[in-house]
Amino acid sequence: MLFNSFAFAIFLPIVLGGYYVLNRRAQNIWILLASLVFYGWWDPRFILLLAVPTIIDYFCALRIKAASRHAMKKRYLLVSLITNLTILGFFKYFNFFIDSASRILEIVGRPHYKPFLYIILPIGISFYTFHEISYVVDVYRDELEPVHDLIVYLNYVLFFPQLVAGPIARATQLLPQLQRERRVTWQNIQEGSLLMLLGYFKKVGVADVLAPIVEVRFVYPELCKGSDLLLALYYFSIQIYCDFSGYTDIARGVSKLFGIELQLNFNHPYFATNITDFWRRWHISLSTWLRDYLYIPLGGNKNGTLLTYRNLMLTMLLGGLWHGANWTFVVWGGLHGLYLSAHKLMLEHGRLSSVTGKVNAWRFLISPLKVVLTFHLVALTWIFFRAGSFHTAWLYTKGILTWQQLSTIPALNWFGGRATLLIAVLFAIEMVQYWSKDAAIMLRRGWVTRGFAYGVLLVLIFALGGVYSEVPFIYFQF
Amino acid sequence: MAESILKYLSSIFSSKTVSAIGRVPRTFVLTIVLALLLFAIAESVSRSIVRKVGRRWEYWDKIAAVKFEDYRALVSSNAGPDIVIIGDSTAARDLDPRSMATGHFSGKEIYNLAWPANFPLAFRITTLPLLREPYQAPRIVLASFTPGSFTDNPRVDEFEQEILKSTYCQHVLGHYSFADKFFLPRLRNAMPFLQNKPDEEFNELRKNKGFMPSEAVVEEYRTTDSGTRASQIVASRFDVLIELADLSRQRKFELYILIPPVSPTFAAPTADIYQQYLALLKTAQQKYGFTILDKRHSDFLTDEYFTDGIHLTRAGAEIFSSTLPREFQSAMQVNR
């Protein structure tokens, strides 16, 4: 079920209504049933697939805790990891690996029969796999007590607002909330409603409007003007941010209505002044997951400079592959790995700090320039993220670099149209939140200001947004 | 029994959550009321404005709205043209009604109802209904499609979907969404039709009687196919032409199916699909009795008259269109 669907508009009030009149134990069962309906709405078979690793992980965690010997703990951890990664590997990467292996064999002059399976990718498989791995690993590391109540555990995995596209909740944060009596207040409801409204504005009001403009230019870059390709790249950078952070805002907003807090996932990433700062603000639940369960176990920065860079690159390459079964995603991750390594190198050699020190007086000028530079570095990587193939990515990049003049697809208007207006409103909202360091600043204003702002956002969503199309969220495919 | 049911219910229901929520803060209520009031005002204003533009807001393109709704207005009031040109871009861009209105067609009303990428599956939704009851039927219908549009070509499908996804097509198909309950979303598409001074593009289209000449020349596509080529014409697409042919018999209009010209250097790579198309047309012709105008090879149309492999320049379209009345005349004589 999509957050931006009519079905969800009916589903949520029913689930909330039931939730508010039940006691805690019954609330948990109610949320579980609601989550099963929400997920099964796409395809009920997905529930079965989700059930297998979930039940295995539940028992593995209990066995890890009960095991007296370290070797035994490790064995159960391996069972869990192999189950999760095998399912993820098969459903998401089987054809990718077969295809890649075949290409290598072709290159070395050994072409062979290439099996291809039509595999349906279960929605949100990458998210819930990471979700479950973190639980079992935390129990293995003795950082978490395993949960005995199966209903609570199932809710930890299946809680519908975050099930298909995160934030990738940590058990240490979410499980205690599911175990105790939850308290819903008007403050929760107001914050939740505001987050949902902002989320819908980002998704329906901005992302879905930019989506068709971006789509055609990424499919046929050879038919577009270079200036249009550049603008479409800016649009995609905004689209993916609005699509994904819009989803997270709605997810966090819905959770608040249930008295449950989910982790902040985006913190104005395009206001980052360097690439490290960007990754502290972009998809925070994934970047911290990769840090805690991949980068640090690989050795982090504890084994010398070279190994630190290797670990950084490996983490980002695998982070890229997590997004999709395509080498373009690996390149996307690799570019970010290179950026992060370069930034780390410059910081370690004191280049950046000395430069920053000298121009401290010009900080008010330098900071915006750094923001613009970081944005462009990130935007460059989005070409590989969005293009379906290296060939398309190359045509796209070439079109911009050569400032292609041919245009059979109608040219875009840089400073007009609804896209510009909607982006301007988005920018204003982000600026106010960023400067005030308060995402819910609107709640601190009088009811007239609030009512007016909410009304304007509603009107913008309906009058200019993509309300006619229930466009799925981009991250559902990952 | 009742007691055990009550006991069970009291074991799952609780007023704790509702009590914790407490009374609704007055400012929250006022905020929501003000927001909804603003929305309601905007919605009412939209309703009063949008009603004036009829269905034109539903279209995938404002020019398409003018083209199709102008035609609907004509045939609704029994003032429809004698000859209607329908099909995809090979009709919209290559057939000029004003150049055609000479010789045998002199004094005849001709209207170009074709639209770029209006490939068979989209054509079935956008155009066929306008040829059916209760609308006035034309005397002659000239249909032109690029043969490749009858194959399962991803690019054909993609362009076609752009039209099929439109609110207009969705409504024709009987698909209505939650957004249809509101008029605010219609406002943006309705705006071009609300201005006092008509859009210059609308005037141009009306002056050209629906003809939409190509302006851009794509050199590399004069010789190579612009899309992923598919090799087989599929029945699900060709059936749309059968529906058209069947309709021509029901509504008693003369149907001419034009095989559009291709640039000389583009002919070889598309020869196979052309042969399949021609063979299928000939088979259908025996049953339905329409006329095939095979203009694939037109000697006078050299490469410079093409913007790409299959579309003519404005000059090419004017010359080509002016030759068609003679072709019709000969075809009619043969038919008699």
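**Interchain and interdomain contacts in the predicted model**

The contact between the two chains takes 40 residues from chain B and 37 residues from chain A, contact meaning heavy atoms within 4.5 Å. The structure is a predicted model, in which local features need pLDDT of at least 70 and side-chain atom pairs count only at pLDDT 80 or more, whereas totals for chains, interfaces and linings use all residues. Residues are numbered from 1 along each chain as its sequence is written, chains are lettered from A and ligands numbered from 1 in the order in which they are written, and side-chain values use heavy atoms, with hydrogens and water left out.

Chain B and chain A bury about 3600 Å² between them, and carbon and sulfur atoms give 69% of this area. On the side of chain B, the most area is lost to chain A by Ile21(B), Phe28(B) and Arg188(B), which together make up 16% of what that side buries. Buried area is here the accessible area (1.4 Å probe) that two parts lose on being put together, summed over both.

Between chain B and chain A the count is one salt bridge, defined as a side-chain nitrogen of Lys or Arg within 4 Å of a carboxyl oxygen of Asp or Glu. A salt bridge joins the side chains of Glu222(A) and Arg155(B), at 4.0 Å from N to O. Five residue pairs are in polar contact between chain B and chain A, both residues being at pLDDT 80 or more. A polar contact is a pair of N or O atoms within 3.5 Å; within protein, one must be able to donate a hydrogen and the other to accept it, and residues adjacent in sequence count only if both atoms are side-chain atoms.

Within chain B, domain 1 covers 2-48 and domain 2 covers 54-335, with bounds from an automatic or database domain assignment. The centres of domain 1 and domain 2 of chain B, taken over C-alpha atoms, are separated by 53 Å. Five residues of domain 1 of chain B contact five residues of domain 2 of chain B. These two domains of chain B bury about 510 Å² between them, 67% of it on carbon and sulfur atoms. Glu43(B), Ser46(B) and Arg47(B) supply 77% of the area that domain 1 of chain B buries against domain 2 of chain B, more than any other three residues. Across this interface of domain 1 and domain 2 of chain B, the rule finds zero salt bridges.
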